[in-house]
Amino acid sequence: MKVTIKSWNAIAQWRWDTGKADQDDADEEDVCGICRVAYEGCCPACKMPGDDCPLIWGECSHVFHMHCLLKWIGTGQSKQQCPMDRRPWVTAERKVAPSNSS
Amino acid sequence: MAGIASRRLAKELKEIHTQGCPVGIQLLSADNFEEWHLSLEVMGDSQYQGEVFALKFRFEPQYPISAPAVQFMVTDKYKSPVHPHVYSNGHICASILGTEWSPVLSVIGVCVTLQSMLASCKKKERPPDNDRYVRHAPDNPKQTRFHYHDDTV
């Protein structure tokens, strides 16, 4: 069956909370440094963005798609280092921003 | 799995086409996601004034998790730069192409690093073990375990 979408109305959008203050008004989207796909997109192995392809935060403050980072950390070559700063990778506790939504 | 390398490379290619390459770097060919060629020139005052080199990148399907195989091309048109870290067959002894590779690097990022490696060269000479290395070198420089020389050169 072929479906043609004639029109659509966006009612909401979502973003990962990467903890960056300027993320709300950032026109240019932040991308995962490994696959270069937007955080809100998904890693090359996934088809659906969202909870199935989450982000991972390092204590060093760098953020990647979890699957991308794990693929890298799983190689001997990575020496378990953050791809950005080559410091030992330590996964940070996921920061949950204080909810100020009404 | 062809997905990961081709998607990442398609993104890099699009960026090159929309934003252009840094000065002194030009895309010669990128007809597929296995091998790209770029030309490299050192701008300004350097040991390599007037010389144009070409780099060959070979990608595995796992790029950028796995490092690309990068070497200077040695053809009728292009020569391998005379540099203490570059062998006459074009193989390069640079840690970022081996043990210090990071998946956040890119084709252009590697080119810029190699450009500055050439730019900072003080004396044009081959690596001390050039002849011995070239005689037995594998086709793919990634198969060589380089012993990295000091990074100040």
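In the predicted model, L55(B) is in contact with H37(B), L38(B), L40(B), V70(B), F72(B), M73(B), C111(B) and L114(B), when its neighbours within four places in sequence are left aside. L55(B) also belongs to the largest nonpolar core, a group of 26 residues, in which L38(B), L40(B), L55(B), I92(B), C111(B) and L114(B) touch the most other members. Two or more residues of this core come from each of strand 2 (35-41), strand 3 (52-58), strand 4 (69-72) and helix 2 (107-119) of chain B. The greatest contribution, 6 residues, is made by helix 2 of chain B.

Helix 2 of chain B consists of 13 residues and spans 18 Å between its first and last C-alpha atoms, close to the 18 Å expected at 1.5 Å a residue. Its buried residues are V107(B), V110(B), C111(B), L114(B), Q115(B), M117(B) and L118(B). These residues lie on the same side of helix 2 of chain B, because they cover an arc of only 160 degrees around the axis. An α-helix has 3.6 residues a turn, so residues three or four places apart point the same way. Among the elements that cover the buried residues of helix 2 of chain B are helix 1 (3-19), strand 1 (25-29), strand 2, strand 3 and strand 4 of chain B.

Between the two chains, 11 residues of chain A are in contact with 11 residues of chain B. The side contributed by chain A comprises 6 nonpolar, 3 polar and 2 charged residues. In chain A, residues 43-86 carry the UniProt annotation "domain: RING-type", taken from an unreviewed entry. Over these residues the chain is 18% helix and 14% strand, with the end C-alpha atoms 21 Å apart.

Methods:
Residues numbered from 1 in each chain as written. Chains lettered and ligands numbered in written order. Predicted model: local features only at pLDDT ≥ 70, side-chain atom pairs only at ≥ 80, totals over all residues. Contact = placed C-beta atoms within 7 Å. Nonpolar A, V, L, I, M, F, W, Y, C, P; charged D, E, K, R; others polar. UniProt positions renumbered as here; feature names shortened; annotations may be inferred. Helix = DSSP H or I, 4+ residues; strand = E, 2+ residues; numbered from the N terminus. Core = buried A, V, L, I, M, F, W, Y, C linked by C-beta atoms within 7 Å. Buried ≥ 20, exposed ≤ 12 C-beta atoms within 10 Å, placed from the backbone. Expected span 1.5 Å × (residues − 1). Arc of directions from axis to C-beta.
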